[in-house]
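The following explanation is intended to be read beside the sequence and the coordinates. Please keep both in view while following the paragraphs.

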Amino acid sequence: MDELDRKIITATQSGLPLVKELYQAIAQQLNIEPDLLKQRMKKMLKSGQIRRIGAVPNHYKLGYKANAMSVWNVPDDMITKLGNQLGALSFVSHCYERPRFLPDWPYNLFAMIHGKSKQEVSEKVQQVVTLLGNHCAGYELLYSKQILKKTGLRLKKV
Amino acid sequence: MDDLDRQIINTLQGNFPIEDHPYQIIAEQLGMSEDDLLTRLGILLEDKTLIRFGPMYDIQKLGGSFSLCAIRVPSERFEEVTRIVNSFLEVAHNYERDHEFNMWYVLATESLAQIDITNQAIAKKTGLKVYNMPKLQEFFVGLHFEA
C-alpha cells in the first residue's frame, strides 16, 4: 500500500458517492486522473485488498432477526477437518478457529448462524450438533441483542 | 421495500463495476433508469436497510490486523463501558450478546502491535478484563443475504 492507495482507501472507506460520474468525482477529489484511480482499484480488487465492492445489508432489516454466534469445543487436532465441514454449510456465514481461555472460555470453533427466527436457528444448530457428533464437548449460542457500533475499517487520514 | 429494492440489494452484493458510469451499467442489468437506481439506493442507505455501500477493504492484506475481543461487562456498567469501547477509532464493530460474555467487538488496526496496545488501553479505561480472540484459522467467510 503506497501513499496513493492509502488516499484512495480513506476517500472511499465510508462509502461511494451516489453520483453518475462516480470515479471522476473521487479522482477529482484526490486530484488524480480517473484512469489511474480505476487502475489502482482494479489492482486492489485483484490482489484481494478489496474483498468486493458492493452493498452491506442490515440483515435485521431483511428479516434475519435471529443471529447467533455459535461457539463449539472440539479437539484441537480435529479442528481443521471439522471447521471446513462447518464452513461448508449454507447457513454459516463466518467460521473461524479462535483461542480458548481456560477455564473461563473453553470454545475454540466459532460459526455465525443466521435465521429469520430463533426456531430456524435452533434447527440449523441441531444439524451442526449431528455433524460434530461426539467430537463436540460442549457448545453455546450467543444471540446478538443489539449493534452497538458498526463502522467497518477506518484508516486515519495522512 | 418493494421487489425492485430487493433486486437492487441482491445485485449489489455482487461485483460493482470499476468502469465509467457504473450505476448506469447496474441500472441496465436491472431494467431501470440510472436516476431511479440512485434515488432508491439513497433511500435504502437513509433508512438503514443498507449499512454502507462501497469497497470492502481487507485490512490484513493491507498489512493491518483484525481481532475479535470480548468483555464480561456488569449490567449496571453496560452503557458506560459501551461509550468507552466505542470511542476507540480502532473498534470497527461492537455487538451486545445474550451471554455472560456480553460485549463482543472487532478491532481493525494498522499493525498487529496496535491490537494489544488498544486492548490494554480499553482494559485500563474500563477496569475490566479483555479477552483477545484473534482468528487462528479461517474456514469460510461470506454469505449472500437474500433480500
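In which loop of chain B does Ser75(B) lie? Ser75(B) is placed between strand 2 (65–71) and helix 4 (78–86) of chain B; helices (H or I, at least four residues) and strands (E, at least two) are DSSP runs, numbered from the N terminus. This is a predicted model, in which local features need pLDDT of at least 70 and side-chain atom pairs count only at pLDDT 80 or more, while totals for chains, interfaces and linings use all residues. Residues are numbered from 1 along each chain as its sequence is written, chains are lettered from A and ligands numbered from 1 in the order in which they are written, and side-chain values use heavy atoms, with hydrogens and water left out.

Ser75(B) is exposed, its relative accessible area being 63%. Here buried means under 20% relative accessible area, exposed over 50%, and partly exposed in between (1.4 Å probe, protein chains only).

For Lys48(B), phi is near 70°; its loop runs between helix 3 (34–46) and strand 1 (50–57) of chain B, and Lys48(B) is exposed, at 55%.

Chain A contains five helices and five strands, in the order α-α-α-β-β-α-β-β-α-β. Its radius of gyration is 21 Å, well over the 15 Å that the globule rule gives for 158 residues, so chain A is more spread out than a compact globule. That radius is taken over C-alpha atoms, and the rule is 2.2 Å times the number of residues to the power 0.38. The C-alpha atoms of chain A fill a box of roughly 60 × 35 × 25 Å along the principal axes. Of the 158 residues in chain A, 52% are buried.

Helix 4 (residues 79–87) of chain A has Ile79(A), Leu82(A), Gly83(A), Leu86(A) and Gly87(A) buried. Viewed down the axis of helix 4 of chain A, these buried residues fall within an arc of 135°, so they line one face of the helix; the arc is that of the directions from the helix axis to the C-beta atoms.

Finally, a cis peptide bond, with omega about 5°, joins Leu102(A) and Pro103(A). Pro103(A) belongs to the loop between strand 3 (92–97) and strand 4 (109–115) of chain A.
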